[in-house]
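Hello,

Here is the structure I promised to pass along. Have a look at it first, and then read on for what turned up in it.

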Amino acid sequence: MPEKENVEPSSLDPEAKAELDRAFEDLYRTHLRDVYSYAYYRVGNQHDAEDLTEQAFLQAYRHFDRARRESDGRPLRPWLIRIAHNLASNYYRDRSRRPQTSLETADPIVARHGTEAIAEGREELRQVMAHLDRLSDDRREALIMRFALGMDNREIARALGRSDGATKVLIHRAIKQLQEEMGDDE
Amino acid sequence: MSEANRGFAGSSWNVEHLLSDALRPIEPPERLSGRFEDTLAAVTQAAAEELSDWAEELSESELRALRDPRNWVRPVVAMGAGGAAAGALVVLELRRRGRREAKVGLRSLADRIRP
């Protein structure tokens with residue numbers, strides 16, 4: 001298929017641009033939390049998660065018109081998460097680093113749970129996050145998309161650039177691995 | 001909350017339950033929309049200055065040369081940068097709505113804290 005031209009938003013007529021901007025605003029408002037959550041769980045700290053989220057939306061804005069045309073009405077969340085996913089991969093490659101804060105010790109475990117949950121469930125949460133941190137990148141990312149973002153297999157497949165079947169297997173194996181490793185800790 | 005409810009059932013961990021508990025969505029900081037707006041505005045300004053400086057530098061001969069599409073690279077690059085930044089107007093609206101919704105968010109938080 002010939003590559004479609006990417007139309008810069010500024011090159012559209014005013015009416016089309018206004019419509020595009022409104023649609024982007026909706027996308028931003030709807031998925032800011034998704035992109036930020038994904039970024040946070042990938043990089044493990046608030047500062048870099050903010051940078052990553054900002055860059056993801058800037059890049060999304062540049063390519064939004066084309067993405068809409070090519071989506072054929074399908075949700076754009078997987079496309080957005082794929083942008084964040086690629087940026088996060090570059091982030092590690094360019095700086096040759098892993099998350100500065102591991103998932104095991106990342107703030108949200110404390111911040112996102114009430115006092116009662118911390119007191120009663122913190123150890124279990126730490127344990128599962130520690131094991132999650134040790135999974136391969138693709139398994140960990142698939143679980144973040146499933147559980148933090150609530151994405152279904154098809155969405156995750158599109159975000160990771162895999163088939164639906166391969167994604168289903170990936171998630172199944174990731175959960176099974178966690179189950180076994182946590183069982184070994186008992 | 002018992003262990004069974006939280007994720008340990010019988011002799012095995014309910015990993016999916018624990019993951020749901022551990023990997024909750026995280027609310028972005030409120031300042032993020034403002035930051036996004038500032039970045040877009042900065043790119044817009046840079047692109048506008050680039051175009052302005054470039055236009056002021058032009059001599060008559062350069063203006064004539066501009067009729068040749070082969071010389072359109074520089075303004076197009078600057079306009080491209082401005083294109084991404086043109087969303088600043090979008091984000092102005094986002095910030096306005098964000099402030100309005102923040103009140104709802106705080107109210108919601110207060111409701112959750114309330115015993």
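Which residue just after H2(A) takes a positive phi? That is Asp72(A), with a phi of about 50°. Please keep in mind that this is a predicted model.

Helix H2 of chain A covers residues 46–71, and its end C-alpha atoms span only 31 Å. A straight helix of 26 residues would span 38 Å at 1.5 Å a residue. If you follow H2(A) along, you will find a bend of about 65° at His63(A).

Now to helix H1 of chain A, residues 14–43. Its 30 residues would reach 44 Å in a straight helix at 1.5 Å a residue, but the end C-alpha atoms are only 38 Å apart. H1(A) has a bend too, of about 55°, at His31(A). The residue that follows H1(A) is Gly44(A), and its phi is positive, near 80°.

How do H1(A) and H2(A) meet? Their axes come within 8 Å and cross at roughly 145°, and the crossing is right-handed. On the H1(A) side, the residues making the contact include Leu20(A), Phe24(A), Tyr28(A), Val35(A), Tyr36(A) and Tyr40(A). H2(A) contributes, among others, Leu52(A), Phe57(A), Tyr61(A), Phe64(A), Asp65(A) and Arg68(A). By class, the contact of H1(A) with H2(A) has 15 nonpolar, two polar and three charged residues.

Helix H6 (residues 137–148) and helix H7 (residues 153–160) have axes that come within 10 Å and cross at roughly 135°, which makes H6(A) oblique to H7(A). This crossing of H6(A) and H7(A) is right-handed. From H6(A), the contact is made by Asp138(A), Glu141(A), Ala142(A), Met145(A) and Arg146(A), while H7(A) brings in Ile156(A), Ala159(A) and Leu160(A). Sorted by class, the residues in the contact of H6(A) with H7(A) are five nonpolar and three charged, with no polar ones.

After that, turn to Ile156(A) and Met145(A), which both take part in the contact between H6(A) and H7(A).

How values were computed: Residues numbered from 1 in each chain as written. Chains lettered and ligands numbered in written order. Predicted model: local features only at pLDDT ≥ 70, side-chain atom pairs only at ≥ 80, totals over all residues. Axes fitted to C-alpha atoms, helices over the stretch in contact; angles between N-to-C directions. Helix = DSSP H or I, 4+ residues; strand = E, 2+ residues; numbered from the N terminus. Parallel < 35°, antiparallel > 145°, perpendicular 65-115°, else oblique. Left-handed = near helix turned anticlockwise from the far one by under 90°. Contact = placed C-beta atoms within 7 Å. Nonpolar A, V, L, I, M, F, W, Y, C, P; charged D, E, K, R; others polar. Expected span 1.5 Å × (residues − 1). Bend = angle between axes of the 7 residues up to and from the residue.
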